[in-house]
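Subject: Structure for you to look at

Hello,

Here is the structure I said I would pass on. Please open it and keep it in view while you read the notes that follow.

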Amino acid sequence: MKIGVDIDGVIADSLNTWVRELNRHFAQDKKLEDIVFYQFEKIYNVSWEEMDRFFRTNQELLLTNLAPVEQAAEILRRLKDDHDLMLITARPEQYRYLTEKWLREHGIAYDDLVMTNFGDKSCHCKSMDIEIFIEDSLENALSIYQAGIPVILFDAPYNQGPLPKGMLRKKNWQEIYQALINRERKMFPVFPSGRNLVFQEE
Ligand SMILES: [Mg+2]
């Protein structure tokens with residue numbers, strides 16, 4: 001299986017660090033659940049340039065000082081024996097060096113790393129023939145799912161709400177592993193691109 005995996009919020013516990021540092025820098029008091037999408041400039045009500053400057057200036061702290069999500073490294077290593085692991089992140093290409101360094105230092109197994117520069121992930125997933133994607137942003141998850149790719153949503157305070165039928169919400173890497181291994185694709189319906197989302201009860 002060709003498995004697509006997001007980095008921030010799925011492999012790296014980025015948001016706790018980012019929100020803490022953003023709050024400090026912009027003198028605000030946002031909570032994790034306030035981060036409903038990844039456009040931090042909108043959440044903090046600052047210009048894109050200002051937010052970009054903040055990340056550039058603090059990239060070492062913000063990109064290498066991150067704890068890995070519990071069990072992510074161990075389970076990705078296990079999955080890599082039988083599957084292709086494609087890391088697809090919205091991080092811009094300029095952060096490739098620090099991203100690869102972090103992945104190496106934390107023993108994250110993967111086959112390829114794609115950086116979309118804040119661009120839509122679903123077209124990359126399509127062109128790479130990703131068979132299932134693991135994501136924490138509800139916005140990205142829905143767009144990937146609407147492109148016909150099954151999605152596992154990594155549960156987080158900021159991605160609550162009903163999910164479309166067939167999209168799975170999993171609380172940790174052990175649950176994700178079980179879902180992938182026990183049933184593989186049989187449990188994930190693949191909807192054609194453009195299909196209206198039908199939401200299920202939580
Ligand atoms: Mg993410």
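This is a predicted model. Its six strands form an open sheet, with parallel pairing, in the order β5-β4-β1-β6-β7-β8. The edges are β5 (112-115) and β8 (168-170); each has a single partner strand, so one side of each has no neighbour in the sheet. From one strand to the next, the twist averages 25 degrees.

Start with β1, residues 2-5. Strand β1 pairs with β6 (residues 132-135) in the parallel sense, over three bridges. In that pairing, G4 stands opposite F133 in β6. Helix α8 (residues 138-146) packs on the sheet, where it touches β6 and β7 (151-154). The direction of α8 makes about 175 degrees with that of β7.

Now the other neighbour of β1. Strands β1 and β4 are paired in the parallel sense over four bridges, and here G4 stands opposite M86 in β4.

Why is strand β4 largely enclosed by the rest of the structure? Strand β4 covers residues 84-89, and five of its six residues are buried, so the rest of the structure largely encloses it. A residue counts as buried here if 20 or more other C-beta atoms lie within 10 Å of its own.

Regards

Technical notes: Residues numbered from 1 in each chain as written. Predicted model: local features only at pLDDT ≥ 70, side-chain atom pairs only at ≥ 80, totals over all residues. Pairing = 2+ DSSP bridges. Helix = DSSP H or I, 4+ residues; strand = E, 2+ residues; numbered from the N terminus. Axes fitted to C-alpha atoms, helices over the stretch in contact; angles between N-to-C directions. Contact = placed C-beta atoms within 7 Å. Buried ≥ 20, exposed ≤ 12 C-beta atoms within 10 Å, placed from the backbone.
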